[in-house]
Amino acid sequence: MKYCPIMFKMKLWLILLTFLGLQRAQGQIYGGSSSSYGQAIRLGLITDDETDRIRQTFEHAISVVNNELSVPLVGQTEQVAYGNSVQAFAQLCNMMQSGVGAVFGPAAKHTASHLLNACDSKDIPFVYPHLSGSVQADGFNLHPHQEDIANALYGIIKQFDWSRFIFCYESSEYLGILDHLMTLYGVKGPVIKVMRYDLNLNGNYKSVLRRIRKSEDSRIVVVGSTQGVAEILRQAQQVGIMNEDYTYVIGNLDLHTFELEEYKYSEANITGIRMFSPDQEEVRDLVERLHQELGESEPTDNGASTITMAMALTYDAVRVIAETTKHLPYQPQILNCSERHDNVQPDGSTFRNYMRSLELKEKTITGRIFFEGNVRKGFTFDVIELQTSGLVKVGTWEEGKDFEFKRPAQVINFNDIDDGSLVNKTFKVLISVATKPYASLVDSIDTLIGNNQYQGYGVDLIKELADKLGFNFTFLDGGIDYGSFNKTTNTTTGMLKEIVEGRADLAITDLTITSEREEVIDFSIPFMNLGIAILYVKPQKAPPALFSFMDPFSEEVWLYLGIAYVGVSLCFFILGRLSPTEWDNPFPCIEEPEELENQFTINNSLWFTTGALLQQGSEIAPKSLSTRTIAAIWWFFTLIMVSSYTANLAAFLTIENPTSPINSVEDLADNKEGVQYGAKRTGSTRNFFLTSEDPIYMKMNEYMTNNPSMLLDNNQDGVEKVKSGNKYAFLMESTSIEFNTVRECNLTKVGDALDEKGYGIAMVKNWPYRDKFNNALLELQEQGVLARLKNKWWNEIGAGVCSAKSSSDGPSELGVDNLSGIYAVLAVGTIISIIFSIFCWCIFVFKKAKSYEVPFCAALVEEFKIVIRFSENERALKSAQSVYSRSRNSSHSIESLKTDSDENVPADEDD
């Protein structure tokens, strides 16, 4: 029989007119009749929900908004069978004849599509609360669009860093999500294997799930209806792919309504999205209404709720209509659905368009309501994850922002813990391979795998604990980022994040116990105590100074020595002139001389004290008692001074005291002699300065904040920078400094520790085995195991180089640099003596030439020739060849010439 559309429509109208009278009596009106409410606005609900939960939500929403409205809303509900479009259309006609202002459609999408066309023809706003593949221009839908769901899935998958996964969908209407997902990835996206799980349309998905089990992919994205997604999860458990090897991302917004109790302990990773929290006030009020009217009980599982998306969107749609009536007058008219399009609802399309122009930010269940065109925007998704405690919020997706997991600390359910035995349990232990001596790779020509490839203090400590408690362990390299907790954003990083999110059980390295970290994880008792200290190069020997020979005496001693020298010399000069004994006959052969001569002239006095000071003596000998007394005192004085100088000089020249520009944290804070400093970019040391209220540490924190280049990624980089010798000090834990100074001979610790703290083993918050670990650590400490391990890795393995070198060091020999100053004095004194001698010689020649009346140059040449005759030690006073013999004054003798130097010669000296 050939199908005829016209005949089908005629039969449809006849059936509708037949049932019209019967169905009118069955209609229920919520909020009162139109006559009792006068100008009340009537809202119609055509529902195929057999549980009556949608009707209760619809009625509850109207009662809530009517408290705020001057023109109340009236609800009218009609129950229809699921998928029965004819019955639904009849109920719609019944509502039109009662003057309905807006209609809420059923869950069946095919039926809702028919009713949408009918309402569109009459300009009646039609509300449908389900996912739509296309943007309906005439319907009002608060459900997020497929593109927004695809954006949220993209953000989650990107955080998981998947390189391939399976996209499992229920029917073709969900392919829009896949299409937009592939658009986001482009040509360089991950490998996506697409599977439809409802192939036979009979609800049996096991054939598809077995294919997934046999494939190499274990990461699955599931999209579909609420019933379909819930069923595929149940069948996935039956097939055996609901375990720790599989990860599911659910693209259905009703995951919080699923029965997930049987999956919580399967260790499968299930992540999904939702639009509201069960703890919202509007949600709790609605749950209370359902409990009173239907006797429903609230779910006991954390994060679960009985409120579906359809119920939440129905509630919010009523809220939008109520808000619209506050701004736009709306009086729905009675319509006859049997008439043609010329009979429509006045202002119906205007009212619908105004609904889309509103923006609601509060008093809704699904959050902010805002439209761009016909598509809802401006909302957020809670990203939820199934844990043993239930569904836990692990992040928030917001359009236009990059999604990032912000998992809270994992909560341990102590009811699920056994008797506390650790025997045969396996823990994942994080170590930092780059941080010696706590962990490092074993140097071996063989290829090592597993735990055998690691060594270090932390590795040995875990082995000792494992031997004592009986557990197994697997080491994982956690990198150099130990992690921190941001209270503002409630996020963790590094090793802390791995523990909080359950990817590791323990972490052992130079991880400091801090109050900030203990907000999200727990620590064992400290296995090592320490404090922040300063690492710097060892004090260097100061380069020898030019006049280092003067170092044995201070400047004051040298000054007083000079004053004593001059004072004693003047005493000799004065006492010599006062003592008669010191006046001598310059010509002993003459018994009665005409004049006497005193040997203590000013020059001779200075010369005598100089000779005594230098312990060389002189030809001058005191005669009187007074001069001999002061001479004896001066000699005793010079004996003590010279002996002290000699003894101290040996020590100063052979033992050079090293000097360091910094000796305390105060020197470092003041950048003494241009010394710069820094610390590890992240970690407890940096946090110590960030949170300290001490003025010195605050000043240091400001310096490091203003000079980010001084902050390094890890401790080893800091050690290398200090070794480079560029006047850089590194702030790090004292134990790490101790380890490095034993191996790096040019490094040392400066000053005392700035604080006191300890290293502990990091573990999950409220870990049930913490006490056992603490007891085991105490036993190891009492047995001396901890001290033995530290001595092994600090002072035995790789150590001993610096101590052996220092023991062989002896007194250093004196070099030219040590004695260069005294050589300089000798050279300068010699040069001055030569210059002075030449000067006096020239004066002598000049006076002699003037006396003999000969040219100065001729006399100078002759005298120079006499000087350079090194083989002759005698000089002829008169010679026929001499230039002086031709002078008229040649009879003068050379003794008649008196120079300044001759006048200083004592009278009793022989010529």
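Visitor: Which residue in β10 is the bridge partner of I220?
Guide: Heads-up first: this is a predicted model, where local features need pLDDT of at least 70, side-chain atom pairs count only at pLDDT 80 or more, and totals for chains, interfaces and linings use all residues. Residues are numbered from 1 along each chain as its sequence is written, and side-chain values use heavy atoms, leaving out hydrogens and water. β9 and β10 run parallel, joined by four bridges; strands here are DSSP runs of E, at least two residues, and helices are runs of H or I, at least four, numbered from the N terminus. In β10, I220 is partnered by Y248.

Visitor: Are the residues on the two faces of β10 buried or exposed?
Guide: In a regular strand, side chains alternate between the two faces of the sheet. In β10, T247 and V249 sit on one side, with Y248 and I250 on the other. Buried means under 20% relative accessible area, exposed over 50%, and partly exposed in between, using a 1.4 Å probe and protein chains only. Both faces are covered, and all four of these residues are buried.

Visitor: Which strands stand at the edges of the seven-strand sheet?
Guide: That open sheet has mixed pairing and runs β8-β7-β9-β10-β11-β14-β15; two strands pair if DSSP finds at least two bridges between them. Each edge strand has a single partner, so one side of each has no neighbour in the sheet. Those strands are β8 (191-196) and β15 (390-398).

Visitor: At about what angle to β10 does α9 run?
Guide: Helix α9 (residues 226-239) lies across β7, β9 and β10 (247-250). Axes are lines fitted to C-alpha atoms, for helices over the stretch in contact, and angles go from 0 to 180 degrees between N-to-C directions. For α9 against β10, the angle is about 170 degrees.

Visitor: In the five-strand sheet, which strands does helix α13 touch?
Guide: This open sheet has mixed pairing too, in the order β19-β16-β22-β34-β23. Its edges are β19 (472-477) and β23 (521-523), each pairing on one side only. Helix α13 (residues 457-469) packs on the sheet, its direction at about 165 degrees to that of β19. Contact means heavy atoms within 4.5 Å, and the strands touched by α13 are β16 and β19.

Visitor: Around α23, what arc do the buried residues cover?
Guide: Helix α23 (residues 770-782) buries F773, N774, A776, L777 and L780. The arc is taken from the directions running from the helix axis to the C-beta atoms. These residues lie on the same side of α23 because their arc around the axis is only 165 degrees.

Visitor: Which residues are exposed on the other side of α23?
Guide: The buried residues of α23 have cover that includes α13, β22 and α24 (785-796). Over on the other side of α23, the exposed residues are D771 and E782.

Visitor: What residues of α12 make the contact with α11?
Guide: Helix α11 (residues 309-327) and helix α12 (residues 348-357) pack at about 110 degrees, with axes 9 Å apart. That makes α11 roughly perpendicular to α12, because 65 to 115 degrees counts as roughly perpendicular, under 35 as roughly parallel, over 145 as roughly antiparallel and the rest as oblique. From α11, V320, I321, T324, T325 and H327 take part. From α12, the residues are F351, Y354 and M355.
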